[in-house]
Protein chains: 2
Amino acid sequence: MITWKNMDTLAAYAELQNAPKVCLKCAMSGENGAERVKNYTVPMGAGMDFNYGARPVDDNILNILAKFAEEQQLTQKFAALYNGEVVNTGEKRRVLHHMCRGQLGDDVIADNVNKRDFYVGEQKKIADFANKVHNGEILNAAGEKFTTVCQIGIGGSDLGPRAIYLALENWAKVTGNLKMKAAFISNVDPDDAAGVLCTLDLAHTLFVLVSKSGTTLETLTNESFVKNALVEAGLNPANHMACVTSETSPLASSPDYLAAFFMDDYIGGRFSSSSGVGGCVLSLAFGPEVFADFLNGAAEADVLAKNADLKSNPALLDALIGVYERNVLGYPNTAVLPYSQALSRFPAHLQQLDMESNGKSVNRFGEPVNYVTGPIIFGEPGTNGQHSFYQLLHQGTNIVPLQFVGFKNSQMGSDVVIQGSTSQQKLCANVAAQIVAFACGKDDTDLNKKFEGGRPSSIIIGEKLTPKSVGALLAHFENKVMYQGFAWNINSFDQEGVQLGKVLAKKVLAHDTDGALKVYSDLLNI
Amino acid sequence: MITWKNMDTLAAYAELQNAPKVCLKCAMSGENGAERVKNYTVPMGAGMDFNYGARPVDDNILNILAKFAEEQQLTQKFAALYNGEVVNTGEKRRVLHHMCRGQLGDDVIADNVNKRDFYVGEQKKIADFANKVHNGEILNAAGEKFTTVCQIGIGGSDLGPRAIYLALENWAKVTGNLKMKAAFISNVDPDDAAGVLCTLDLAHTLFVLVSKSGTTLETLTNESFVKNALVEAGLNPANHMACVTSETSPLASSPDYLAAFFMDDYIGGRFSSSSGVGGCVLSLAFGPEVFADFLNGAAEADVLAKNADLKSNPALLDALIGVYERNVLGYPNTAVLPYSQALSRFPAHLQQLDMESNGKSVNRFGEPVNYVTGPIIFGEPGTNGQHSFYQLLHQGTNIVPLQFVGFKNSQMGSDVVIQGSTSQQKLCANVAAQIVAFACGKDDTDLNKKFEGGRPSSIIIGEKLTPKSVGALLAHFENKVMYQGFAWNINSFDQEGVQLGKVLAKKVLAHDTDGALKVYSDLLNI
């Protein structure tokens with residue numbers, strides 16, 4: 001029997017607040033520090049490890065977090081979720097994105113359909129379609145192959161798929177898996193579509209329109225923009241477009257598309273990268289086998305996230321240490337810092353995933369909570385960030401917990417030896433150095449050169465950024481965010497906070513405004 | 001006579017803390033709200049306006065901020081800076097980036113040189129070089145024109161120039177000003193260089209190496225990477241590279257470059273976009289006249305930043321309202337939200353500019369300060385962000401002050417009418433709507449659908465994103481950051497916080513580690 005409880009009613013939360021704090025600088029120093037770093041590590045799927053040696057916890061706090069997990073029934077709540085309970089209470093929906101990549105628990109039958117069969121079936125449809133495009137069974141009107149795929153979508157239909165595409169583009173080039181180049185149009189700013197279109201060879205581009213409802217204004221607007229461009233180029237849009245939508249959407253049965261692939265209301269936008277939303281563009285770009293590898297990596301991370309034992313569950317560990325940092329230590333931000341240029345847009349995806357899921361002030365029953373919830377997420381790849389905002393992270397007046405990601409090997413294998421080391425070694429040396437610099441600091445009589453230390457971080461370490469490791473990374477963070485939502489007793493799966501802006505924007509466009517809104521509309525010449 | 005004082009010694013700061021807070025929701029409602037938005041606006045150069053109607057201030061607080069500015073001698077300190085005083089006390093350097101774009105005050109003679117003449121002279125050298133590349137006086141070994149410029153640099157040698165290039169690339173395409181396409185290599189991750197190089201036509205690419213010291217490890221490493229690639233392609237690197245550096249750097253007199261352009265120690269990396277660091281790549285990409293327009297826009301904003309009258313000084317207003325939000329209201333973040341896809345990397349530049357300048361815990365004399373300093377900066381373009389992290393901004397448990405930027409017209413002029421409005425109108429309607437949604441909120445008996453309001457923002461409004469307006473935007477934020485540093489009595493012009501990581505990374509590469517650092521090095525296979 002699951003009980004949904006606010007975090008501040010938990011005995012373990014009270015205990016957590018009273019537990020002695022860890023002196024991270026002390027804990028990380030000397031041979032004890034070395035032992036700690038060796039011990040505070042757990043596999044997180046796809047051959048990667050989650051190391052939390054430099055997070056501000058000790059065995060005592062970890063034990064309390066384990067009690068917290070039990071008292072808040074966190075793994076049971078995850079089980080309820082993957083077994084198909086309606087955990088998205090606001091919208092009265094199940095939450096089934098895990099089923100795109102594996103069967104974690106019971107069969108879930110909804111709307112008279114076995115949902116795993118449904119998702120797998122759509123993947124097969126997508127794989128067939130992609131194979132036909134690649135082998136020339138589906139061609140443009142001139143009988144030529146498509147060379148480029150361009151996704152039209154916004155938010156969850158853009159950030160995740162784009163981040164994953166960029167993560168694997170160079171890997172695909174060197175491994176011979178780049179079947180089609182991908183581009184993305186998202187913003188309603190007409191310069192976005194116009195700018196992307198002028199880089200494309202329209203006659204050989206296949207567009208994938210992604211909108212679950214089929215009513216997303218930005219996406220429909222950009223679709224029209226693209227259709228106009230196709231027509232102007234003498235091309236028939238119906239030969240150049242597929243869509244990913246829900247079966248009930250107006251797009252589903254439209255003759256305007258080469259093919260329609262379906263998702264449903266049980267997969268939220270920001271959790272949809274492993275559904276057709278990511279599957280279509282990524283299968284076209286890299287081939288269905290690569291997308292299947294990506295799903296397998298995600299599935300591995302999902303299975304680990306089921307572990308009731310906290311120390312064997314990397315997503316749960318990451319989540320609860322994050323809750324400790326947020327609610328007990330009072331840190332309002334988290335930075336995501338991948339030491340991999342290919343992950344350049346992964347922080348932007350995590351920013352949506354985390355902030356849209358857990359940026360809430362009411363619990364799942366719509367009652368105000370008396371504690372802070374989701375942190376503010378930002379990040380850029382290292383070593384670039386070191387030459388940018390790390391100054392504040394090291395010596396600023398706020399402490400920001402850090403999530404590093406690093407890989408032992410590069411994707412492309414080209415490298416150069418300068419001053420006795422490769423670039424890849426320099427990259428890895430920098431992330432190792434940063435963890436210790438942040439945690440341990442350095443004393444100096446010149447206070448301008450002093451580093452206080454005590455800045456917490458964790459690191460995810462993998463062999464190489466591959467489809468499987470990208471999948472595991474994605475799922476790890478999805479599951480972390482889910483667990484934090486359960487911990488805070490909020491609904492991580494709705495987004496009512498996006499509605500008011502939409503309503504007011506419609507009023508502006510209808511010239512139905514007064515007061516300040518009218519003045520801003522006038523200033524902007526609308 | 002200037003006195004450098006900590007903020008908490010100011011009478012005006014004490015007054016500010018005790019001043020009645022503004023109910024933003026009340027202030028922004030009804031006809032008073034409309035009047036307020038009309039009044040709280042000031043020109044900020046290049047035809048743009050800075051509107052602070054939705055910031056949490058009123059006439060009383062603005063009056064106290066004006067007293068604060070006077071007591072802290074803020075415009076006098078700016079004058080000291082542009083007249084050549086050594087305001088970068090940590091590194092004992094002048095701060096002269098304003099001189100790249102105008103003569104704000106006295107001639108500054110340093111090292112026996114009139115510095116404005118020096119900067120202008122380098123710009124002329126760059127303009128000549130760019131013109132020769134464009135008109136075919138400088139060709140590749142095969143006697144063909146260069147078509148692409150690729151900058152190799154990191155931090156300030158990358159973020160600003162890249163953000164500005166992206167801001168103007170599409171504008172240049174439609175106005176016939178795109179002389180050469182630009183690319184950028186920054187990260188020591190070898191996949192960055194390898195990934196960029198495989199998109200370039202090496203025989204027709206001119207590389208610009210940017211490193212003030214000539215010793216930046218990432219940049220020298222990437223230079224070698226590029227040289228290897230050129231040699232492998234049968235090309236002589238010396239025919240394909242120019243550099244921007246200081247006259248005392250090892251690169252300055254090297255025969256390895258087609259040309260060398262100089263900057264000096266009085267221009268910090270993050271403030272160097274208007275020097276040769278931005279000037280070389282941008283003049284090659286768009287032509288020297290376009291770069292001159294950009295400088296003129298920046299110069300217009302600089303002149304406004306001299307105004308002693310707070311209400312006529314947009315940079316000072318933005319700075320001091322930000323200090324009020326940070327130190328009195330206690331908001332630790334600021335989000336930068338341009339409603340312009342072309343400004344996609346502008347937030348990343350501002351992140352460096354702000355966080356590296358003002359992420360400090362000691363004052364300019366090296367003494368600890370007892371108040372928080374620089375905020376954490378992040379942002380993405382709207383409307384994309386609306387479908388991502390805005391959920392937290394509207395309904396999360398933390399309030400984040402917002403800096404919107406919007407333009408009445410698109411850059412490329414292509415548009416589409418859907419549901420009675422253009423995309424550009426939709427874009428503008430959304431930013432207008434968001435300002436009011438954040439400030440005024442909306443009540444609802446379902447608390448999950450309630451918007452608390454009281455979320456502050458300002459907006460910069462321009463006609464169109466052009467070279468001039470990009471220049472004014474850049475200078476506005478540079479001057480804002482400078483003024484905040486003066487307000488907090490910190491040195492915004494050094495970055496000692498980046499040193500420790502460099503030192504430890506060298507130790508890792510030399511295998512001179514023990515304890516936790518050795519374990520991380522082993523885990524990462526170094």
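A charge is taken to sit over a ring if NZ of Lys or CZ of Arg is within 6 Å of the ring centre and within 35 degrees of the ring normal. In this predicted model, the charged end of Arg364(A) meets that description, sitting over the ring of Trp4(A) at 3.7 Å from its centre. Chain B shows such an arrangement too, with the charged end of Arg364(B) over the ring of Trp4(B), 3.7 Å from the ring centre.

Along the principal axes, the C-alpha atoms of chain A fill a box of roughly 70 × 60 × 55 Å. Of its 526 residues, 68% count as buried. Among the contacts in chain A with a separation of 6 or more, 74% come from residues 24 or more positions apart. Chain A exposes about 16300 Å², and carbon and sulfur atoms supply 48% of that area.

Aromatic rings come next. A pair of aromatic rings is described by the distance of the centres and the angle of the planes. A search of the whole structure finds 36 aromatic pairs over all chains. One of them joins Tyr40(A) and Tyr52(A), whose ring centres are 4.9 Å apart and whose planes meet at 15 degrees, so the pair is stacked. Tyr40(A) lies in the loop between helix H3 (30-39) and E1 of chain A, while Tyr52(A) lies in the loop between E2 and helix H4 (59-71) of chain A, so the pair ties together parts that are 12 residues apart in sequence. Both tyrosines, Tyr40(A) and Tyr52(A), are buried. In another pair, the rings of Phe78(B) and Tyr82(B) have centres 4.8 Å apart and planes at 90 degrees, so this pair is edge-to-face. Phe78(B) and Tyr82(B) are separated by about one helical turn because they are four residues apart in helix H5 (residues 74-82) of chain B. Both Phe78(B) and Tyr82(B) are buried. Ring pairs also link Tyr339(A), Phe378(A), Phe389(A), Tyr390(A), Phe404(A) and Phe438(A) into a cluster.

In chain B, strand E1 (residues 41-45) and strand E2 (residues 48-51) pair in the antiparallel sense over four bridges, and Gly45(B) stands opposite Met48(B) in E2(B). E1(B) and E2(B) form a hairpin with two residues between them, and Ala46(B) in the turn has a positive phi of about 55 degrees. In chain A, Ala46(A) is found in the loop between strand E1 (41-45) and strand E2 (48-51). Its phi is near 55 degrees, a positive value in a residue other than glycine. Ala46(A) has 22% relative accessibility and so counts as partly exposed.

A positive phi near 55 degrees is also found at His511(B), again a residue other than glycine. His511(B) belongs to the loop between helix H17 (499-509) and helix H18 (515-523) of chain B, and its 57% relative accessibility is why His511(B) counts as exposed.

Finally, the peptide bond from Gly382(A) to Thr383(A) is cis, with omega near 10 degrees. Thr383(A) lies in the loop between strand E11 (376-378) and helix H14 (390-395) of chain A. In chain B, a cis peptide bond joins Gly382(B) and Thr383(B), with omega about 5 degrees. Thr383(B) lies in the loop between strand E11 (376-378) and helix H14 (390-395) of chain B.

Definitions and conventions. Residues numbered from 1 in each chain as written. Chains lettered and ligands numbered in written order. Predicted model: local features only at pLDDT ≥ 70, side-chain atom pairs only at ≥ 80, totals over all residues. Heavy atoms only, no water. Buried < 20%, exposed > 50% of the residue type's maximum accessible area, 1.4 Å probe, protein only. Pairing = 2+ DSSP bridges. Phe/Tyr/Trp six-rings, centres within 6.5 Å; stacked < 30°, edge-to-face > 60°. Contact = heavy atoms within 4.5 Å. Areas by Shrake-Rupley, 256 points an atom, 1.4 Å probe, with all protein chains shown as cover.
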